[in-house]
Amino acid sequence: MTKKIGLIDYFLDEWHANNYPAWLRGSAAEQGLDWDVAYAWAERDKPGGLHTDDWCVAHHVQRAGSLAELVERSDALIVLSPDHPEHHLRLSELALQSGKPVYIDKTFAPDLATAAKLFEMAAAGGTPIFSTSALRYSEQVIALPAGIHADSISHLSVTGPGAFENYAVHQMEMIVALLGAAVTRVKSLSAPNGGRHLLIEFEGGRQASFLQINNAPFQLLLQPKGEAEGYIVPECTGFFPELMKQMLLFFESGVPPVPREQTLAVMALLDAGRLALVRRDEWISVAR
């Protein structure tokens, strides 16, 4: 019997919701997994966008009459609202009581305190939970040699585009995916009205740098410890197919592919980074 995925969103006519159903169906077919995006529920219609009923028709999804109905009828749940993480706690509450696998889209939460509450709710409900930026799964990051791991890296630099509030998560996810959760402090060296430049330190003296510039590619430069040659990735690409695959495997197994500690480290970095950006050239401790 085909297992059902339910989509929960603040409003459905947004980029992730407009692409995930087809991508998930295609990934399920490629992997020989019997999953379908079957139900959707949104708190509101998008102002100036598609009505929820029209969106459901366009994407061959059944509109649930209520959030409770969607949670009850689905075998796994995706909470979207990617650019409005301030709604995630409210939108996820019933799903996290269900015991069914729940994927919460980036950015996981508006701050570290809310992120911790989401994990607490999931633990109380016996619910597997998973969140990530797709950049963790770029083809180039996945293809790095097996010998490249957190303790073998001396310095990692990442670049990317967009505003800090909804795009910084992508670079922070790459940093934590490669360097681990043992981050200690952050400093901003950003120029006024220029790009956002953060220096990030980890236990053992390992460092990362974060540079956010309008229209910059997602890029990665990595220096292993010692005299080993560095790695330069001019652009990180091909991340959504692997994200869809990992999401479906998570729905199958109930085992999150990203550790809780790493998701919380990403959130702590975003909190500290926001503070560092208004307190230039001052080290800001990262919550642990």
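Biologist: Is R185 buried, partly exposed or exposed?

Modeller: This is a predicted model, where local features need pLDDT of at least 70, side-chain atom pairs count only at pLDDT 80 or more, and totals for chains, interfaces and linings use all residues. Residues are numbered from 1 along each chain as its sequence is written, and side-chain values use heavy atoms, with hydrogens and water left out. Buried means under 20% relative accessible area, exposed over 50%, and partly exposed in between (1.4 Å probe, protein chains only). At 30% relative accessibility, R185 is partly exposed.

Biologist: Which residue forms a salt bridge with R185?

Modeller: A salt bridge is a side-chain nitrogen of Lys or Arg within 4 Å of a carboxyl oxygen of Asp or Glu. For R185, the closest N and O atoms of the pair are 2.9 Å apart. The partner is E201.

Biologist: How many residues apart in sequence are the parts that R185 and E201 tie together?

Modeller: Helices (H or I, at least four residues) and strands (E, at least two) are DSSP runs, numbered from the N terminus. R185 lies in strand β8 (residues 183-188) and E201 in strand β9 (residues 196-202). So the pair joins parts separated in sequence by 16 residues.

Biologist: Is K187 buried or exposed?

Modeller: K187 forms a salt bridge with D281, with the closest N and O atoms 3.4 Å apart. D281 lies in the loop between α9 (260-277) and β13 (284-285) and K187 in strand β8, so the pair ties together parts 94 residues apart in sequence. D281 is partly exposed, at 45% relative accessible area. With 15%, K187 is buried.

Biologist: Which residues are linked in a network of salt bridges with E165?

Modeller: Start with the salt bridge between D271 and R274, whose closest N and O atoms are 2.6 Å apart. These residues are three apart in helix α9, separated by about one helical turn. The network links E165 with D271 and R274.

Biologist: In which sense do β7 and β11 pair, parallel or antiparallel?

Modeller: Strand β7 covers residues 153-160 and strand β11 residues 219-224. T159 stands opposite Q219 in β11. Over six bridges, the sense is antiparallel.

Key. Pairing = 2+ DSSP bridges.
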